[in-house]
Protein chains: 2
Amino acid sequence: MLANQGSTAKIVRPTTLRESVLERILELIIIGSLKPGQHLVENELADNLGVSRQPVREALQLLSGEGWVDLRPGHGAYVHSPTVEEADQLLAVRTLLEAESARLAARNPDKSGVSTLRDICLRGLEACVADDVDAAVAANSELHTAVVNMSGNRVLADLTSQVARRVRWYHTPVARHRGKASWEEHAALIDAIEAGEEDVAADIMRRHTEHTRQSYLESRAQHPEVEPPAPIRRRRPRAVSS
Amino acid sequence: MLANQGSTAKIVRPTTLRESVLERILELIIIGSLKPGQHLVENELADNLGVSRQPVREALQLLSGEGWVDLRPGHGAYVHSPTVEEADQLLAVRTLLEAESARLAARNPDKSGVSTLRDICLRGLEACVADDVDAAVAANSELHTAVVNMSGNRVLADLTSQVARRVRWYHTPVARHRGKASWEEHAALIDAIEAGEEDVAADIMRRHTEHTRQSYLESRAQHPEVEPPAPIRRRRPRAVSS
DNA sequence: TTGTCGTCGACTGCCTACAGCATACATTCC
DNA sequence: GGAATGTATGCTGTAGGCAGTCGACGACAA
């Protein structure tokens with residue numbers, strides 16, 4: 001009976017076709033089935049997903065709004081081709097946004113919010129010592145989300161989540177968590193928020209996210225598996241015929 | 001011959017119908033022809049603009065990505081209804097982003113960029129003493145854009161422009177420029193950027209945008225013309241018949 | 001061999017049409 | 001008289017289809 005009721009009273013949206021198409025395409029991009037720079041032919045996607053072109057088109061329009069695909073009028077949609085430079089800039093912006101979130105969260109910390117943070121932190125640490133990487137990653141993003149929400153600035157929260165989603169794309173080849181040290185930083189952050197020390201909280205968060213940025217860059221330097229920009233192929237190589 | 005060549009080598013895009021529809025709808029929203037909370041019926045828009053529903057739908061999808069309209073699956077598109085709280089948050093985020101832009105611009109200031117800034121600043125000041133409000137406003141946004149571009153962080157620039165566009169929406173009822181004082185702040189900002197004084201530049205920009213935020217809030221307090229959320233009407237009141 | 005032009009194929013952009021759904025009104029029952 | 005249900009209507013979501021357009025390939029000429 002409670003199956004469909006999200007804990008946060010999320011609206012049970014009448015999931016339209018274009019929404020599910022959007023999510024499936026997004027998943028294909030994230031797992032790498034659709035490669036950066038690849039031309040997304042509407043008919044192919046429609047056939048593969050078993051729908052008509054229309055919902056595919058609309059899903060692509062929405063995805064372009066989130067920076068996942070680039071629309072070239074008259075040419076169609078291409079999977080956004082990430083560069084190291086862009087990843088760096090994205091992580092820099094994330095640092096900026098999240099540090100401000102931490103500052104605002106510390107400006108008026110509420111009891112329940114802080115205790116939520118502690119719960120998540122505890123879970124993350126447990127997952128960490130249990131070597132459950134997936135759970136640790138989940139707890140990590142959950143904690144960051146919780147902090148942004150505590151900021152009370154919804155615009156900031158939306159923007160951050162938007163940026164964070166794109167960052168996740170770049171995280172794929174990176175080691176996913178930095179172990180116990182990361183959670184100690186988290187704990188310190190929560191302390192600062194609870195104590196209302198704005199500058200300290202912002203600084204911890206800034207250094208924390210800056211750290212992941214650095215490790216991303218290093219990892220990227222070691223594995224420069226950057227794909228060439230975009231081999232634009234509109235026709236597939238003709239099969240031997242005649 | 002140079003008619004179509006923008007100064008910044010902008011691509012001459014093969015303007016599609018949905019693009020022009022998007023711009024026309026956006027204009028209608030900005031000038032207030034389409035009011036906050038209003039239900040955007042696709043057929044009506046299509047008829048009024050002389051196109052079919054398809055490009056209208058796609059334009060609405062794109063507009064939703066920029067926060068101008070809200071899509072409710074199964075219900076259609078509604079003009080985003082701005083609240084004072086959201087405006088405040090938006091302006092706060094803009095302050096954050098632009099201050100960082102100024103910091104980055106000051107980190108490595110290039111000669112040509114700085115001279116461009118000075119040109120714009122001069123024009124703005126001239127427009128100001130000539131009491132040409134429109135020109136002053138234009139110069140103002142041009143200058144801010146130039147600073148963001150000098151930051152060298154394209155993600156930051158994109159995000160800022162996105163936020164700034166939405167902020168413009170809230171500026172409508174506000175006094176549009178603060179006169180000479182504003183341009184003196186601009187001049188000081190440019191000096192700081194040229195001298196490479198990151199902290200100073202960031203601080204000037206922060207206070208500068210914070211000032212406009214304060215004046216917005218005050219103006220809003222005096223003219224609390226906030227519309228009621230959204231009187232959702234899907235059928236127009238039936239005409240007296242029979 | 002290299003540059004230019006014509007042809008062809010494929011894909012996008014747009015239009016029209018239909019089905020499903022949500023809302024508002026009218027009617028009936030308690 | 002009030003509430004619940006049936007019915008009508010307008011709108012959205014989706015499908016299918018057609019024309020325009022862009023790029024690639026091949027032929028021809030220099």
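1. Let's start with the interface: in this predicted model, chain A and chain B bury about 2400 Å² between them, and carbon and sulfur atoms give 62% of that area.

2. Counted by contacts, 28 residues of chain A touch 28 residues of chain B.

3. Eleven residue pairs are in polar contact across it, with both partners at pLDDT 80 or more, and the rule finds two salt bridges between the chains. One salt bridge brings together the side chains of Arg57(A) and Glu58(B), at 2.7 Å from N to O.

4. Which elements give two or more residues to the side of chain A that touches chain B? They are helices H1 (17–31), H3 (53–65), H4 (84–107) and H7 (154–171) of chain A. H4(A) gives the most, with eight residues. By type, the residues on this side of chain A divide into 13 nonpolar, eight polar and seven charged.

5. Now to chain B, for its sheet. Three strands form an open sheet in the order E1-E3-E2, with antiparallel pairing. Strands E1 (39–40) and E2 (69–72) of chain B each have a single partner strand and stand at the edges, so one side of each has no neighbour in the sheet.

6. A closer look at one pair: E2(B) and E3(B) (residues 76–79) run antiparallel and are joined by four bridges. Here Arg72(B) stands opposite Gly76(B) of E3(B).

Conventions:
Residues are numbered from 1 along each chain as its sequence is written. Chains are lettered from A and ligands numbered from 1 in the order in which they are written. This is a predicted model: local features need pLDDT of at least 70, side-chain atom pairs count only at pLDDT 80 or more; totals for chains, interfaces and linings use all residues. Side-chain values use heavy atoms; hydrogens and water are left out. Two strands pair if DSSP finds at least two bridges between them. Contact means heavy atoms within 4.5 Å. Buried area is the accessible area (1.4 Å probe) that two parts lose on being put together, summed over both. A salt bridge is a side-chain nitrogen of Lys or Arg within 4 Å of a carboxyl oxygen of Asp or Glu. A polar contact is a pair of N or O atoms within 3.5 Å; within protein, one must be able to donate a hydrogen and the other to accept it, and residues adjacent in sequence count only if both atoms are side-chain atoms. Ala, Val, Leu, Ile, Met, Phe, Trp, Tyr, Cys and Pro count as nonpolar, Asp, Glu, Lys and Arg as charged, and the others, Gly among them, as polar.
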